[in-house]
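Please open the model in your viewer and keep the sequence panel beside it, so that each selection can be followed in both.

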Amino acid sequence: QGQLKIAPAAMAARCRLAARFHHIHGANIRLDASHTQATRVESFANGLCFSREPLAPGQIFLVEIEEKELGWCGHLRVGLTAHDPQSLEVVPEYSLPDLVNLGDTWVFAITRNHNRVLVEGEEAQPRGRPWEPFLLIERVRIPRDTLVGRSRPGRYSHILDDLFKMNVLPATARRSRIGVLYAPQPDGTADMHIVINGEDMGPSARGLPATRPLYAVIDVFASTKSVRVIPVDYGFPSLQTLCRLVIQKHIVHRLAIDGLDLPPLLKSFCQHE
């Protein structure tokens, strides 16, 4: 487990650089110029995306659902693969079952309950309190503020934001944030964890080969139309984040931020990020 002892500054720098999609992707995916937004432009399939680089131990790959598309059944699918995307002769049409059938791939459809794996004698851990500043997974500590979805500024945004923090909205709601990471174990393997709006769903797969490069898999499938990568800073919250937390304590909803005597960039960050 020594691999998890990564300096927060080093992890933050790595995460900012890695918060991009790989240039290899499904036939129906279009990436924006920054490779941080993936949109499925046709049909309901061929929406596979991968992280640009393999993940480090404990590094979360986090996306926000930006657009939904009515008329399709099924939702976002997330996981990990030991296949280098560039080694694929053809990007599979589906993550489930096509990519999984290639082996060394672990993918789950995002739902409220999705196949948590418990070892014999283990009990499910109680969920962390939504107001705790950090999410703890094994020995990984991630600032919770970034992990939680936020609504667009509006009359009811403060109510919706509380629902995101409590993770009671549908897991695949627009603006939800979904992340995946792996935590190495003493036996040399790793557990895969999926995080929904700041809540760890527990190990959804065990026995992953921690010694091999593992890429995040994001399948922009069916009713999920577009997702955006959210960079995650490890360590202490930024000054901007601390300012936002203080401001949020003194306003009813984010529309009130317009009337505050604040720099425009800070106003935008408090309202939208």
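Helices and strands are taken here as DSSP runs, at least four residues long for a helix and at least two for a strand, and they are numbered from the N terminus. Bear in mind throughout that this is a predicted model.

Of its 273 residues, 49% are buried, and among contacts between residues at least 6 apart in sequence, 70% join residues at least 24 apart.

Next, select Ile110, which sits in the loop between strand E6 (105-109) and strand E7 (134-137). Is Ile110 buried or exposed? Its relative accessibility is 1%, so Ile110 counts as buried. Showing its surroundings, and passing over residues up to four places away in sequence, you will find that Ile110 touches His75, Leu76, Val78, Ala171, Thr172, Ile178, Ile194 and Ile196. Thr172 lies 62 residues from Ile110 along the chain, yet their C-alpha atoms are separated by 6.9 Å.

Now turn to the largest nonpolar core, which has 34 residues, and select Phe21, Phe61, Val63, Leu76, Met192, Ile218 and Val227, the members that touch the most others. Strand E10 (189-196) is among the elements that give two or more residues to this core, and E10 supplies its largest share, 4 residues.

Stay with Val227, whose contacts beyond four places in sequence include Phe21, Val63, Leu76 and Ile218, as well as Thr36, Gln37 and Glu64. Finally, select Leu62, Val140, Ile142 and Ile230, which are included in a second, separate core of 12 residues.

Methods
Residues are numbered from 1 along each chain as its sequence is written. This is a predicted model: local features need pLDDT of at least 70, side-chain atom pairs count only at pLDDT 80 or more; totals for chains, interfaces and linings use all residues. Side-chain values use heavy atoms; hydrogens and water are left out. Buried means under 20% relative accessible area, exposed over 50%, partly exposed in between (1.4 Å probe, protein chains only). Contact means heavy atoms within 4.5 Å. A nonpolar core is a set of buried Ala, Val, Leu, Ile, Met, Phe, Trp, Tyr and Cys residues joined through side-chain atoms within 4.5 Å.
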